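Open the model in your viewer and keep the sequence panel beside it. The stops below say what to select next and what is there.

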Amino acid sequence: CMYISGVPGTGKTATVHEVIRRLKSDYSDMVPCFKFIEINGMKLTNPNQAYSAILKLLTGQKATPDHAASLLEKKFCNPEPKKDHVVILVDELDLLWTRKQNVMYNLFDWPARQHSRLVILAVANTMDLPERVMMNRVSSRLGLTRITFQPYNFKQLQEIVLSRITGIEAFEEHALQLVARKVAAVSGDARRCLDICRRAVEIAEMSNEKKNPLKGIVGMKHVEIALKEMFSSPKILALQSLSTMEVLFMKAVISEFRRTGLEEALFFEVFEQFRSHCQIEGFFTPNASEAFAICSSLNACKFLLVEPGYKDIYQRIRLNVNKDDVMFAFKCSENK
């Protein structure tokens, strides 16, 4: 097993895909023939659906999660003549978490079986997820083979964009630097950097201002418009218009996610974080009923997704907006 972690947009999944491609194309005579499949926790309605998804990708067979789990147990644990090697990429691993952690346990236990010929590549955003949420019996099977992807700095982001436009002078140098520095300061997310550059190109093409093609069609003003659109979207403006208590509650949700390494939390866990934030900021701490009202308001605005129920402290809460957008919006509000 290998655990790969890092913030979103740092190339974790893309790197795995490139390594697999190189192994199959350039090193096929040096490594055994293997089958590569991929599942994503974000695309599963329930963690146990991982069994059904893996079985279908491996054999084409459809089965219920329980039946699929038993079939996979036999496949990976029983000796078979000419058994193929299998590499499984498990993306968004944290979304496969359950209270008993049976799904994670089986995924990490199967590769340790004598006849499995299975490799698990687990990808998640949180570096210390195994220590935070996994039981000892699960984390011990994951092992210590880990890779951490750091956020890109502005030079790396600039190189990534330049690699996409090799041989084409599409950007003025200072315009590209502005995009790279802005994104590096917020999140270091390469996907966001590329999205802004793509939007800047569209703006430049629409403006039909190509006075000097040798200097590139995308200039500072095009990039500034793209940045303003990206970082001053209606969603960002709506976040900046939240009340002080709503801002503190959103920060509490993010703090709890960081503490646990999961993308979901129970209300009473968030409430404890909320109380801490209020005390740190020097505000009066609302009671549970008032906090429920704040949570309901954020749910109505679609900033949070709250499990249906009437003031239940075990209601599950998820963010419905990007964490980077939330922190950027609040950071801009504080600087005003």
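Select Arg 21 and Glu 18: their side chains are joined by a polar contact of 2.7 Å. A polar contact here is a pair of N or O atoms within 3.5 Å; within protein, one must be able to donate a hydrogen and the other to accept it, and residues adjacent in sequence count only if both atoms are side-chain atoms. This is a predicted model, in which local features need pLDDT of at least 70 and side-chain atom pairs count only at pLDDT 80 or more, while totals for chains, interfaces and linings use all residues. Residues are numbered from 1 along each chain as its sequence is written, and side-chain values use heavy atoms, with hydrogens and water left out.

Stay on Arg 21, which sits in helix H1 (residues 12-25). Helices (H or I, at least four residues) and strands (E, at least two) are DSSP runs, numbered from the N terminus.

Next, show the parallel sheet. Five strands form this open sheet, in the order S2-S3-S4-S1-S5. Two strands pair if DSSP finds at least two bridges between them. Strands S2 (34-40) and S5 (146-149) stand at the edges with a single partner strand each, so one side of each has no neighbour in the sheet. From one strand to the next, the twist averages 15°. For such angles, axes are lines fitted to C-alpha atoms, for helices over the stretch in contact, and the values run from 0 to 180 degrees between N-to-C directions.

S2 pairs with S3 in the parallel sense over seven bridges, and Lys 35 has Val 86 in S3 as its bridge partner. Helix H2 (residues 49-59) lies across S2 and S3 and runs at about 145° to S2.

Move on to S4 (residues 118-124). How many of the seven residues of S4 are buried? Six are, leaving the strand mostly covered. On one side, S3 (residues 85-91) runs parallel to S4 and is joined to it by five bridges; Ile 88 stands opposite Ile 120 in S4. Trace the chain from S3 through helix H4 (residues 102-109) to S4, a right-handed β-α-β crossover. Right-handed means that, with the strands pointing away from the viewer, the path from the first strand over the helix to the second runs clockwise. S1 (residues 2-6) also pairs with S4 in the parallel sense, over four bridges, with Met 2 opposite Leu 121.

Now go to S8 (residues 316-319). Ile 317 and Leu 319 form its covered face, Arg 316 and Arg 318 the uncovered one. S6 (residues 265-266) pairs with S8 in the antiparallel sense over two bridges, and Ala 265 has Ile 317 as its bridge partner. S7 (residues 304-306) is also antiparallel to S8, through three bridges; there, Leu 304 is partnered with Leu 319.

Finally, zoom out to the whole protein chain, with its 15 helices and eight strands. The C-alpha atoms fill a box of roughly 65 × 60 × 35 Å, taken along the principal axes. Of the 336 residues, 43% are buried.

Definitions and conventions
Buried means under 20% relative accessible area, exposed over 50%, partly exposed in between (1.4 Å probe, protein chains only). Contact means heavy atoms within 4.5 Å.
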